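Let's take a friendly walk through a protein model together. Keep the picture open beside you as you read.

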Amino acid sequence: MEAWFIRSYGGQQVLEFGDVAEPVVGPRDVLVDIRAASVNPIDIRVRRGELRRLLDYRFPLVMGTDLAGVVIATGCDVRGFSVGNEVFARPNRQRIGSFAERIAVHEDEVALKPKSLTFEEAASIPLVGLTSRQAMIDLANLKPGQKVLIHAGAGGVGTFAVQLAKHLGAYVATTASAAKHELVRSLGADEVIDYRSQNFAQIINGYDMVLDTLGGDALIRSFDVLQRGGIVVSVAGPPDIEMTRDWPLPFYVRLAIRAMSWRVRRLAKQRQCRYRFMLMRPSGMQLAEIAALIDASVIRPVIDRIYPFDDVGAAIAYSETGRATGKIVVSRRHSPSPE
Ligand SMILES: NC(=O)c1ccc[n+]([C@@H]2O[C@H](COP(=O)([O-])OP(=O)(O)OC[C@H]3O[C@@H](n4cnc5c(N)ncnc54)[C@H](OP(=O)(O)O)[C@@H]3O)[C@@H](O)[C@H]2O)c1
């Protein structure tokens, strides 16, 4: 089958298009004919080899982590899906490869696609939907009336997280450049801070949660907006040891991880707050809940551009600018980008 893959880590030039082996369908896998996939910053990190200490990828490695498509075969023990089902998924890290014609995904990582969405719209959802849900519900236990700051509200994660936080009944502040304020307000943000001209940490305080999608200085300043007992959940900052508790890592990697987050953990302790790094995990069950919210018009996808399958390189290069508004999608039946 045709796919976009890499044979070594590196810059944009290592991405290749060509024939690769057909996916192997395990007993509990569904084989999906991919209609659309979406781009995420993780694709760039994988291509650059930034995760090589944590993930033991083999080459050629087919790229791409989000997909929507149609089930065309099922493993002998699959119970939840049948041929013809329209599905969406974020497969687990060892079995990525959605910039391809087909992919085999464990049935626990798949859900029926929201009925109200096109394949392109559905492919934009899994990674950012699961990330937002797991950060705000599973880790922070965000409750109605609580205050949350979501960094980069106009990004892929941000556009979903703002809507979900609003649905949970939270008061939502977010950061975005001025041209994107109208969009984030339309998604439900109560307070929008222009990160280019204002310091969010001097404007708001007494918050219960920060969803940090930026890391670095923004992560450090995030502790200034929390009230005692608040939590920063970061998807871009240094990993904490909690995250790797069940991972089969050598002790020196664990030590290195501990050292990386030392400063942030110390800051959290001083402020009597909590810090958690989060790595999104696949879940078909949670995707089904997300699909229900979308079909009930609680959450809508926000798509910046749709590229044809031939242009995956350009789609990833656009993501690499860090300026996308919502999601970047790759379609195997190209439709024009929304204005
Ligand atoms: N750990 C995990 O499981 C996990 C899961 C999902 C994502 N992530 C990470 O989360 C990060 C965000 O992902 P994403 O998909 O949302 O990225 P993205 O869509 O590429 O983010 C782009 C957006 O960020 C905004 N932005 C850039 N700098 C900003 C700043 N200083 N303050 C506020 N907004 C800013 C840009 O707006 P302007 O054009 O206005 O600057 C743009 O709209 C990435 O690092 C990704 O790797 C991690």
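Where is the place of asparagine 40? Asparagine 40 sits in the loop between strand 3 (29–39) and helix 1 (41–48); helices (H or I, at least four residues) and strands (E, at least two) are DSSP runs, numbered from the N terminus. What you see is a predicted model, where local features need pLDDT of at least 70 and side-chain atom pairs count only at pLDDT 80 or more, while totals for chains, interfaces and linings use all residues. Residues are numbered from 1 along each chain as its sequence is written, and side-chain values use heavy atoms, with hydrogens and water left out.

Asparagine 40 is buried, with a relative accessible area of 2%. Buried means under 20% relative accessible area, exposed means over 50%, and partly exposed lies in between (1.4 Å probe, protein chains only). Leaving aside residues up to four places away in sequence, asparagine 40 touches Thr65, Asp66, Leu127, Val128, Ser319 and Lys327, where contact means heavy atoms within 4.5 Å.

Now move along to helix 1 and its charged side chains. Arginine 47 forms a salt bridge with glutamate 320, with the closest N and O atoms 2.8 Å apart. This pair links distant parts of the chain, since arginine 47 is in helix 1 and glutamate 320 is in helix 10 (residues 312–320), 273 residues apart. A salt bridge here is a side-chain nitrogen of Lys or Arg within 4 Å of a carboxyl oxygen of Asp or Glu. Arginine 47 is buried at 3% relative accessible area, whereas glutamate 320 is partly exposed at 26%. Arginine 48 forms a salt bridge with glutamate 50 at 3.3 Å, and a network of salt bridges links Arg45, Arg47, Arg48, Glu50 and Glu320. In the whole structure, a search finds 24 salt bridges.

Another salt bridge joins arginine 281 and aspartate 138 (3.9 Å, N to O). Arginine 281 lies in the loop between strand 14 and helix 9 (284–295), and aspartate 138 in helix 3, 143 residues apart. Both count as partly exposed, arginine 281 at 43% and aspartate 138 at 35%.

Which charged residue is buried yet has no salt bridge? That is aspartate 212, found in strand 12 (residues 207–212). The nearest side chain of opposite charge, arginine 221, is 9.1 Å away; Lys and Arg count as positive and Asp and Glu as negative, while His and the chain ends are not counted.
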